[in-house]
Amino acid sequence: LTFSVLWRFSPGSAAPSGLSLAAGVAVADALSDLGVPGIALKWPNDILRDARKAGGILIEMLPGTNGAVAAVIGIGLTVKLPAGFTVDSELGAADLSDGSFGPLVRDVLLARLLVRLAGVLDEFTAGGFAALRARWLARAAFVGEPVRLMGDAQPPIEGVFAGADDDGAALIETGAATLRVLSGDLSLRKRA
């Protein structure tokens, strides 16, 4: 199931830091409403089910008129993997319809996602990611675990994942300091 939603922020609003994390809260809440177990959120934009990737969120910011900003929020979820599908990646792949909790109907899923997304975006507009941070942390994957933060054209950062701050930045405890990182691809560090 893939879809995109356009959300307009009011003129003069600050840059919407943490928007992908906020959207993740809406997705996790919708899946919980439908009885899907084992959902976690991987910073900054992955949806996990039983520690395997079941979906993701992409945000595209658009300049608006009169200083207003708009965001296109793209969400993709794997409702059902093909029979016999295998994956050799570290996180692997998961679907949302393994039958352990009943059938998952795409139309019902989309409706629930849109309802939850509208509510979360209203909260985000009023209070930023800080208003949703506790709900995100309750579902955050890898908190307290050793991680490697990979970024474009920079050396990896290794440390312990401490969650996200009020702006949605990842917090990585390196032993020497707690680093605040706004972008990157978070992955668990392999143990020897």
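These legends go with a set of close-up views of a predicted model. Local features need pLDDT of at least 70 and side-chain atom pairs count only at pLDDT 80 or more, while totals for chains, interfaces and linings use all residues. Residues are numbered from 1 along each chain as its sequence is written, and side-chain values use heavy atoms, with hydrogens and water left out.

View 1. Asp29 sits in helix H1 (residues 19-33); helices here are DSSP runs of H or I with at least four residues, strands are runs of E with at least two, and both are numbered from the N terminus. With 12% relative accessibility, Asp29 counts as buried (buried is under 20% relative accessible area, exposed over 50%, partly exposed in between, using a 1.4 Å probe and protein chains only). Leaving aside residues up to four places away in sequence, Asp29 touches Arg116, Arg135 and Arg139 (a contact means heavy atoms within 4.5 Å).

**View 2. The Arg116–Asp29 salt bridge.** Here the closest N and O atoms of Arg116 and Asp29 are 3.6 Å apart; a salt bridge needs a side-chain nitrogen of Lys or Arg within 4 Å of a carboxyl oxygen of Asp or Glu. Arg116 belongs to helix H2 (residues 106-127) and Asp29 to helix H1, so this pair ties together parts 87 residues apart in sequence. Arg116 is partly exposed, at 26% relative accessibility.

**View 3. Arg180 meets Asp165.** This is another of the structure's 11 salt bridges, with closest N and O atoms 2.4 Å apart. Arg180 lies in strand S9 (residues 178-181) and Asp165 in the loop between strand S7 (154-164) and strand S8 (170-173), so the pair links parts 15 residues apart in sequence. Arg180 counts as partly exposed at 43% relative accessibility, whereas Asp165, at 13%, counts as buried. Elsewhere, salt bridges with shared partners join Asp29, Asp33, Arg112, Arg116, Glu123 and Arg135 into one network.

**View 4. Strand S3 and the strands it pairs with.** S3 (residues 46-49) is covered on both faces, with Asp46 and Leu48 buried on one side and Ile47 and Arg49 buried on the other. Strand S2 (residues 39-42) pairs with S3 in the antiparallel sense over 4 bridges (pairing takes at least two DSSP bridges between two strands), and Ala40 has Leu48 as its bridge partner. A hairpin of 3 residues joins S2 to S3.

**View 5. The turn from S3 into S4.** S3 also runs antiparallel to strand S4 (residues 52-63), joined by 4 bridges, with Arg49 opposite Arg52. Their hairpin has 2 residues between the strands, and Asp50 in the turn shows a positive phi of about 50°.
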